[in-house]
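Please consult the sequence and the model shown below while reading.

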Amino acid sequence: MKRTKRALEALGVRFPNDAKAKLAKLTAILVALIGVTMNAGLANAATLSAASVAQSDPRPGVTSVNYTFTGSTVTSQLIKCIKVTFSSAAASVVTPTGFSAASATVTAASSTLVNSTSTGWAVTPTVNTVTYVNSTGITPSTTTGATFVLAGITNSTVADIAYYYTLNTYGNTDCASSPVDNAKVEYINTNGSTLSLTVDNTLSFSVNAVLAATSCDGTTTTQASTATTIPFGTVTAVSNGVVCQALTAATNSTGGYTIYTRYDSAPTNGLGQTLANWTGTNAAPTTFSAPGTEAYGYSTSDATLGTGTADRFTNPGAKFAAMTTANAELAYEPAGVTATTYQVAHQVGISLTTHPGTYLTTVVYTCTPLY
């Protein structure tokens, strides 16, 4: 200060004796004003904490995406405008490539920043900015974890780079003056990952033995079977013979499966004489006759066949059909199933005039899945 005074006096300028005090006073006033101004600016531009934005779908170019903003330390002060800006630059507004908020709407019911109400609010979307204005305004009642949800947004077409979501609230409908809160958060678009796997077709099918004196399709077996034989033994005119086999199948096929049966020919003895077929058919099976009638037929326990009358073999009681050389439906499932078992009863009767001999034929079961 003394050097300044001497320099001024050398130039002929008179330096007041109280200049130092006045200068100090002026400096104090300026510092105080700057402090007030800075404090006022901070109060009007509070930065929200724990801020984030979540996309309902982050894939590039996806349309109708929801952007949910969440922030805390919300100022409990009247706001009349919420302004959201999308940009690919942190310090300026550069619309992300392919991005559009032009069709954006506000999901008010899920937006606690506006107290979950749309009353009095009007949305104005542009390609990169959305303003939400209410001339009356509201004071947010949720100050921690407050949400603001925008819907109907089209994501940028570029993945794996940072984008910026900026939210500002104002106490004025001009969306510029009287700032209240602000937050700038980053988000990123990511491509979806294609998942692939292959499931092989599966099918299991087995023919299983059934013991003698076992209930089978409403009848009782007289002899035991094996997986590969249907041995009636010696049959007389006073008692029919019944042999049963159990068929078990499983598949993952979309259309399930059908099990068919047929034989090579009618049971035939060594002289070429054949055993008569039962009179019922696969389409219309009938109750097997009492002992004393020559016939051979089969029945199935499946009450949900896929053709004709579904329960024709089981309702009422066990019904029998003649075996033929053409495949006939024995069991059916309309979709994939785990192990499922069906009983197949084979019954024969002979008359007093049935030719003697050992009668043979081969019965064939076929399980056909539909993939």
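Which backbone nitrogen lies 2.9 Å from a polar atom of the side chain of D302? It is that of T304. The structure discussed here is a predicted model.

**An aspartate in a loop**

D302 is located in the loop that runs between β16 (295–300) and β17 (328–333). The residue is buried, yet it takes part in no salt bridge. R312 is the nearest side chain of opposite charge, and it is 9.0 Å away; a salt bridge would require a separation within 4 Å. The side chain of D302 does, however, reach backbone nitrogens, as the table shows.

| Side chain | Backbone nitrogen | Distance |
|---|---|---|
| D302 | T304 | 2.9 Å |
| D302 | Y332 | 2.7 Å |

**An open sheet**

Four strands, in the order β2-β3-β8-β5, make up an open sheet with antiparallel pairing. Its edges are β2 (49–55) and β5 (105–106), each of which pairs on one side only. Strands in a sheet pair through backbone hydrogen bonds, in either a parallel or an antiparallel sense. Two bridges join β5 to strand β8 (residues 146–153), in the antiparallel sense. Within β8, L150 is the bridge partner of V106.

**A nonpolar surface patch**

L195, L197 and V199 together make a nonpolar surface patch of about 380 Å². Of these residues, L197 is found in the loop between β10 (179–188) and β11 (203–209). L197 counts as exposed because its relative accessible area is 64%, and exposed residues are those over 50%.

Technical notes: Residues are numbered from 1 along each chain as its sequence is written. This is a predicted model: local features need pLDDT of at least 70, side-chain atom pairs count only at pLDDT 80 or more; totals for chains, interfaces and linings use all residues. Side-chain values use heavy atoms; hydrogens and water are left out. Two strands pair if DSSP finds at least two bridges between them. Patches are made of residues with over 30% relative accessible area and no salt bridge: like charges are joined within 9 Å, nonpolar side chains (Val, Leu, Ile, Met, Phe, Trp, Tyr) within 5 Å. Accessible areas come from the Shrake-Rupley method with a 1.4 Å probe; for residues, only the protein chains shown count as cover. Buried means under 20% relative accessible area, exposed over 50%, partly exposed in between (1.4 Å probe, protein chains only). Lys and Arg count as positive and Asp and Glu as negative; His and the chain ends are not counted. A polar contact is a pair of N or O atoms within 3.5 Å; within protein, one must be able to donate a hydrogen and the other to accept it, and residues adjacent in sequence count only if both atoms are side-chain atoms.
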